[in-house]
Amino acid sequence: MGKALNLTKSNISAYEREHNEAPDDTKIAIAKYFNVSVDYLLGLTDQPNAYEPPRNCIFLSKDFPPAAKAILQCLARMMTAAYHTNPKAAMAEIERVAQAFTAISQVENKKESPEPPCKDAND
């Protein structure tokens, strides 16, 4: 472990015996080395697994532009259609994405809000 993390035996020994506290970047490197969370290393949790965000979510900031959000929604539908091997539906979504990019480009030039470039069937 010492070689992998570029730590000397005396550094590791000092950390283990609590004579020195490892810097945060070293704690992070050790956690990654053992594939555990830093909280687990520090004894703050009994769960060794690091937090993993949901894999089917995209987290957007509160101030994310609505038109850009609409583009991402189009892309998600396009990927879903392609995933289910429906080429016709996938091509329709690709066309909607192209229209969305055109709409965003026009908005940036005019600085006004467009209609959502990709309407959902639930709208």
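Biologist: In this predicted model, which residue forms a salt bridge with Lys 27, the closest N and O atoms being 2.6 Å apart?
Modeller: Side chains of opposite charge can pair when their charged atoms come close. For Lys 27, a contact of 2.6 Å between N and O falls inside the 4 Å limit for a salt bridge. The partner at that distance is Glu 21.

Biologist: Is Lys 27 buried or exposed?
Modeller: Buried means under 20% relative accessible area. Lys 27 has 12%, so Lys 27 is buried. For Lys 27 the answer is buried.

Biologist: Which residue in helix α3 lies three residues from Lys 27?
Modeller: That spacing is about one turn of the helix. The side chains of this residue and Lys 27 meet in a salt bridge, at 3.6 Å from N to O.

Biologist: Which residues are linked in a network of salt bridges?
Modeller: The structure holds two salt bridges. One joins Lys 27 to Glu 21, and another joins Lys 27 to Asp 24. The linked residues are Glu 21, Asp 24 and Lys 27.

Biologist: Which helices each supply at least two residues of the lining of the largest pocket?
Modeller: The largest pocket holds about 380 Å³ of space. Of its 13 lining residues, the closest to the centre are Tyr 15, Glu 16, Ala 22, Ile 30 and Leu 41. By class, the lining has eight nonpolar, one polar and four charged residues. The helices asked for are α2 (9-16) and α3 (24-34).

Key
Residues numbered from 1 in each chain as written. Predicted model: local features only at pLDDT ≥ 70, side-chain atom pairs only at ≥ 80, totals over all residues. Heavy atoms only, no water. 1 Å grid on protein atoms, 1.4 Å probe; cavity = no way out; pocket = protein on both sides within 12 Å on 5 of 7 lines; lining within 4 Å. Points joined across faces, edges and corners; volume = space filled by probe spheres on them. Helix = DSSP H or I, 4+ residues; strand = E, 2+ residues; numbered from the N terminus. Nonpolar A, V, L, I, M, F, W, Y, C, P; charged D, E, K, R; others polar. Buried < 20%, exposed > 50% of the residue type's maximum accessible area, 1.4 Å probe, protein only.
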